[in-house]
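This report is written for a reader who is new to protein models. Please look over the sequence and the structure first.

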Amino acid sequence: MATPDRTLETGAAEPGASRAGASTAAGVGPSPAPLIGRGRELRRLTAAATAAATGHGHIACVLGSAGTGKTRLLLELRSRLQDTDDDLEVVTSQCFPGEGAPPYWLWTQVLRQLSAGWPDAFRAAAAPFGTLLAPLLPEQAPGHAPAELSEVEWPQARFRTHDAVCEVLFTLAKQRPLVLLLEDLHWADVASLDLLRLLCSRSHPYPLSIVLSVRNQGPEGESVVCRTVTEILRGPRTEMLKLDGLSQDAVAALVEALAGPGVDREVVRTLHQRSQGNPYAVIQFLSLLDDANGLHDPDAAAILMAQVPVGVREVVRQHLSALPERVVQVLRQCAVIGIEVDTDLLSRTAPADEPVAAALDTAIRAGLLREDPLALGQLTFAHTLVQETLVDELSREERQNLHARAAQELSVRVHTRAGDLSGNQEDEEVERIAHHTWHAKDALPAPWALPRLVRAAERAESQRAYEQVETWLRRAAYVVNALPPDDPSVLLMEQRLYIQLGRVLTLTRGYGDNEAEAALRRGHALYAVTHAPEDASVLLTLCATQLVTGHYEEARKFSGRLRAIAATTDDPVAVLGAQYSEGVFLHIRGQLPEALVELERGIEASDRYAREGRTWRRALQVRAPVNLRSYDAFTRWLLGDRDGAAERLLRLLRLTEHEGTAPAERAFALYVNAVVAAWEGDVDTAYESSTQGARLATDHRLLYWRSMLGLPKGWAMVHSGNADEGIALMRESLAQLRRSRTRIRHPLHLGLLGQAQLHAGRGEEAEATFRRMAEAIEQRKEHVYMHTALPTTRLLHEFAGPHGTGTYG
């Protein structure tokens, strides 16, 4: 990445605030905040301004939306000019946004500064013009009353005043090169703009440079300000500089300057996304965290996403207040639809008498909406903060009613276009309907809302968007509570939702997650009320939670119930689940020949079901053929059947490499391959498999598998010479697994860590790790991890001693 420009400047004065308050934006204290990424613009402005010293002036205009740093850029320019060129006279003037400012206020400030700084020279330059300067400097012409002028005489008199001001400035500039910094031209009165236009048209032969700043204007400013700037910039020796938002790299540099190094990249990304690189917005967002050091807090990104700062909200309100109320009303409807505005849906939901087309046109010209050239009939809010502020301005009832109309109209549209939508389009519409349904949950009947939320969960699951599945299931479970509790169909739906929620939580967080187990148990307990047949897939999932958390005897009880169902129904889930869970139990206890028998029976049964075309419902995040072959490979390797283990591993990898494989299945296969490679000392294979699996797990937010794969990956990193990072990764992975109550294969993982520590020359750490390994084996009777085939067994005895451990195999 390119290194951001490190020119320093304050973050941007609050739009509409006094310049004195620019350096004390909320949350950053009185010290100027560094402005990053404006070095190129500063260099161009410096060159334009210093052209006055060569005898030929230059005109530059800085254009940008509110908060992009126009004021601070000009302050930095003034400082640089004063520090580097004593021959230049720099004068700054600002337009005033409030009521009461007299005409020519922009120029009154210029003339007052010159009069105070060069009193003798100014009097001499102004003397030939008598009272023509009185409209700008009334204090220098006391008692002067403007003459009554006709409609013909008035424009001529005003022109003579403008000409007099120009001549005074030219005269002074010939004595000492002059630079005028004229800010906030968007608030200038018409007379001041006319004077500026005349001055710019005549200034080129003189040592006079002018730098303007003007805000991107909506339709209310186009008639005067925009025409004036456009006309000025048509002349020679002129240029326009447009300030856009800072890049993410520049925001990162700004964050480091304010909060020091070490701020998480996700926090920086969130801050950039929310502020769109607007320096004023960046500083305002810091106010949500009390001060810049709050960026280091673990929940900083969530806080930045959840709120709109008061200062930013007020800027948006000021912008909206300049628009007619009918336009704002349409914008509120747009905001409820979303950051991307579907104009067809807007026309369906808007009242019949709403001037939608005219309002949208006004909003586009005001810079609040943008047309999407690639999507016909779709507009986009120029900034997410505008959309959020508009939504927040609505009452709760208004919001819910607008969302309800959107959900209902979208449902009608999908129904009428059912045959014309592609798969992707239908998926998008299903999610949009569910989004609006949820946000209108109190305005829509629960029986209408619930199936739309459930359908969104099903669609998300088909796309393997597991976090979305979790979100929609939680929302559906909330809505189901609004239905009659004594309705049997409601209880069945509630049971289904909690079981599905438990399963998806085991997928994203692991089988040891407390909430996952609680949801599964709640769903399972409802069998006593619904009197539905006990589902083998639910028993198998509960069995897996007990295996993963190290409650092996409890898991065996579920295995027994699965065997009972299998004996009477030949249900593939019950048959394969019983054989898998029993095989894992025996494997962990070190009864490897018996475990292999169970696992082989399961593999034969799964192959038979496949030949017969009998499919099994997905009960676990990993299908039975993958689970069975994984432990079969482990078991064969430990029994010394290395060829058989290699064959099982090869089939396992081939079974999970096709496109339809669930990410968790592929992750498990790669994990098994990486662990076996580590046992065999094959560093390259261990690293390649674990890295591929960890990347897959990260992409699909599978935290459980990312942590599992972090252990063989860290082991391989240590054995490749990257000891510090490798051991840190292994420790972090163990900590993540511990937080999710994952105990399965814990001694195996400790053995890998101990090996890595020993390889890195950390003998004391390795000894402590092997003692922990011995304690874990003894505590849960996981005798398989003392097998003589394992490379850690000798190290375990060497470091942990004979007490509490034996040798198996």
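The model is predicted, so local features need pLDDT of at least 70 and side-chain atom pairs count only at pLDDT 80 or more, while totals for chains, interfaces and linings use all residues. Residues are numbered from 1 along each chain as its sequence is written, and side-chain values use heavy atoms, with hydrogens and water left out.

Helices (H or I, at least four residues) and strands (E, at least two) are DSSP runs, numbered from the N terminus. Helix H1 covers residues 39-50, which makes twelve residues. From its first C-alpha to its last, H1 reaches 16 Å, close to the 16 Å expected at 1.5 Å a residue. The expected span is 1.5 Å times one less than the number of residues.

Buried means under 20% relative accessible area, exposed over 50%, and partly exposed in between (1.4 Å probe, protein chains only). The buried residues of H1 are Gly-39, Glu-41, Leu-42, Leu-45, Thr-46, Ala-48 and Ala-49. What covers these buried residues includes helix H2 (70-84) and the strands S1 (59-64), S3 (178-183), S4 (208-215) and S5 (238-243).

Leu-74 is found in helix H2. Is Leu-74 buried or exposed? Leu-74 is buried, with a relative accessible area of 2%. Contact means heavy atoms within 4.5 Å. Not counting residues up to four places away in sequence, Leu-74 touches Leu-45, Val-62, Leu-181, Glu-183, Val-211 and Ser-213. Leu-74 and Leu-181 are 107 residues apart along the chain, and their C-alpha atoms are separated by 7.1 Å.

**Helix H10**

Helix H10 (residues 279-286) is largely enclosed by the rest of the structure, because eight of its eight residues are buried. They are Pro-279, Tyr-280, Ala-281, Val-282, Ile-283, Gln-284, Phe-285 and Leu-286. The elements that cover them include helices H8 (248-259), H9 (265-275), H11 (300-306), H12 (310-321) and H16 (384-392). At the start of H10, a side-chain oxygen of Asn-278 reaches to within 3.0 Å of the backbone nitrogen of Tyr-280.

**Helix H13**

Arg-332 is found in helix H13 (residues 325-337), and the place of Gln-329 is also in helix H13. The side chain of Arg-332 makes a polar contact with the side chain of Glu-325 (3.0 Å). A polar contact is a pair of N or O atoms within 3.5 Å; within protein, one must be able to donate a hydrogen and the other to accept it, and residues adjacent in sequence count only if both atoms are side-chain atoms. Leaving out residues up to four places away in sequence, Arg-332 touches Glu-325, Leu-390 and Leu-394.

**Helices H35 and H36**

Two packed helices are described by the angle between their axes and the distance between the axes. Helix H35 (residues 763-780) and helix H36 (residues 791-800) pack at an angle of about 100 degrees, with their axes 9 Å apart. Axes are lines fitted to C-alpha atoms, for helices over the stretch in contact, and angles run from 0 to 180 degrees between N-to-C directions. H35 and H36 are therefore roughly perpendicular to each other; that term covers angles from 65 to 115 degrees. On the H35 side, the contact is made by Gly-763, Glu-767, Phe-770, Arg-771, Met-773, Ala-774 and Ile-777. H36 contributes Thr-792, Leu-795, Leu-796, Phe-799 and Ala-800.

**Two loop residues with positive phi**

Most residues other than glycine have a negative phi, and most peptide bonds are trans. Phi of Arg-741 is near 65 degrees, a positive value in a residue other than glycine. Arg-741 lies in the loop between helix H33 (723-739) and helix H34 (746-759). Lys-781, which is not a glycine, has a positive phi of about 55 degrees. Lys-781 lies in the loop between H35 and H36.

**Accessibility of selected residues**

| Residue | Relative accessible area | Class |
|---|---|---|
| Arg-332 | 18% | buried |
| Gln-329 | 29% | partly exposed |
| Arg-741 | 22% | partly exposed |
| Lys-781 | 46% | partly exposed |
| Ala-121 | 17% | buried |

Ala-121 lies in helix H4 (residues 119-126). Apart from its neighbours within four places in sequence, Ala-121 is in contact with Leu-172 and Gln-175. Ala-121 and Glu-553 are 432 residues apart in sequence and 100 Å apart in space, C-alpha to C-alpha.

How values were computed. Parallel < 35°, antiparallel > 145°, perpendicular 65-115°, else oblique.
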